[in-house]
Amino acid sequence: VRVLGIEGTAWAASAAVYDADRDDVVIESDAYQPESGGIHPREAAEHMHDAIPRVVERALEHARESHAGPATEPPIDAVAFSRGPGLGPCLRVVGTAARALSQALAVPLVGVNHMVAHLEIGRHTSGFDSPVCLNASGANAHLLAYRNGRYRVLGETMDTGVGNAIDKFTRHVGWSHPGGPKVEAAAEDGDYVDLPYVVKGMDFSFSGIMSAAKQAVDDGTPVEDVCYSLQENVFGMLTEVSERALSLTGSDELVLGGGVGQNARLREMLAEMCAQRGAEFHAPEPRFLRDNAGMIAVLGAKMYAAGDTLALEDSRVDPDFRPDQVPVSWRVDEPE
Ligand code: ATP
């Protein structure tokens with residue numbers, strides 16, 4: 001089985017082909033880079049318009065090259081696309097492309113939840129059975145765990161996503177988008193200064209710490225110190241709630257998902273916490289952490305195999321698509 005995945009929820013115009021028989025993923029991506037400021041939804045959608053046909057063509061080229069069947073057969077068995085959550089104008093471009101391809105190639109359409117894909121790629125590459133997942137991405141921050149046919153949201157941000165919070169801080173200090181890698185580099189030379197730390201039960205908030213971080217820089221605190229302390233507090237908060245989620249579910253497996261998961265300090269904190277409680281920790285390779293169509297194709301293949309395809313008339317995108325809205329068709333529940 002081979003599935004074409006298309007991703008375009010925010011900045012990454014991406015297409016991938018997943019060959020389930022060989023467990024092989026080829027990803028073609030084209031990133032939108034804002035000239036100034038953060039991600040502008042209209043510009044990001046224009047980027048999708050321009051780049052999606054290109055990355056899809058390149059991904060299909062790989063599929064055709066490795067396709068053993070007659071040239072008249074489509075080189076893929078299904079088209080999977082990210083239905084949401086994400087920026088509406090971007091999602092609509094991706095939805096239109098996916099519908100057109102599914103019609104043109106006469107193969108089924110599969111609608112994938114982008115957050116569940118961030119989680120499932122970690123489950124896939126780790127081989128863990130039922131992990132807790134920390135999704136640390138740009139526009140989101142969730143703790144998820146599977147129970148009775150759904151991924152349940154055990155905890156989440158009460159305001160912005162973790163990457164967006166960091167990016168707002170770096171815009172304030174005049175650094176170009178994306179800010180996460182720049183904070184990571186600057187933090188290497190920093191010392192700790194006091195910043196807020198906000199965890200409420202299983203939920204957490206970034207707005208207070210970000211305002212305080214901006215203020216600290218304006219007041220003359222060295223930016224390296226603020227970056228170091230930001231990382232320690234924000235990632236400490238995520239580690240604390242991840243530990244609580246492991247304890248609550250009784251799971252001894254944690255996977256990390258999302259673009260912020262590329263940060264070495266976050267991975268170190270999570271790995272250390274897991275080691276201390278005898279749990280296993282897995283972070284997928286970077287190409288599967290940041291937004292990418294590989295994760296869409298891999299989950300798309302599982303959904304396709306479960307018969308979880310979409311009729312054209314039901315294939316609307318959903319900018320607010322929550323992970324717990326997805327009936328998990330591709331996992332078989334063990335009797336309790
Ligand atoms: P979502 O998946 O929620 O729609 P998104 O589309 O914005 O989010 P991702 O690719 O998951 O995107 O994550 C992008 C974010 O990751 C950006 O905010 C960026 O600053 C952050 N990021 C990238 N590398 C690092 C790093 N090394 N450390 C911290 N943050 C990072």
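A polar contact is a pair of N or O atoms within 3.5 Å; within protein, one atom must be able to donate a hydrogen and the other to accept it, and residues adjacent in sequence count only if both atoms are side-chain atoms. The model shown is predicted, with local features needing pLDDT of at least 70 and side-chain atom pairs counting only at pLDDT 80 or more, while totals for chains, interfaces and linings use all residues. Residues are numbered from 1 along each chain as its sequence is written, and side-chain values use heavy atoms, with hydrogens and water left out.

View 1. An N or O atom in the side chain of Trp11 is 3.2 Å from an oxygen atom of the ligand, and a backbone N or O atom of Gly138 lies 3.0 Å from a ligand oxygen atom. The side chain of Asn263 has an N or O atom that is 3.0 Å from a nitrogen atom of the ligand. On its own the ligand has 650 Å² of accessible area (Shrake-Rupley method, 1.4 Å probe), and the protein covers 93% of those 650 Å².

**View 2. The largest pocket.** A pocket is an open set of points on a 1 Å grid over the protein atoms alone, with protein on both sides within 12 Å along at least five of seven lines, and its lining residues have an atom within 4 Å of a point. The largest pocket has a volume of about 1100 Å³, and of its 48 lining residues Trp11, Ser137, Gly138, Ala139 and Asn164 are the closest to its centre. Domain 1 (2-117 + 290-325) and domain 2 (127-288) both give residues to this lining, so the largest pocket lies between them; the domain bounds come from an automatic or database assignment.

**View 3. The largest cavity.** A cavity is a set of grid points where a 1.4 Å probe fits but cannot get out, and the structure holds one of 30 Å³ or more. About 40 Å³ of space lies in the largest cavity, whose lining is formed by Ile166, Val183, Leu230, Gln231, Val234 and Phe235. Helix H7 (residues 223-249) gives the most to this lining, with four residues.

Technical notes:
Points joined across faces, edges and corners; volume = space filled by probe spheres on them. Helix = DSSP H or I, 4+ residues; strand = E, 2+ residues; numbered from the N terminus.
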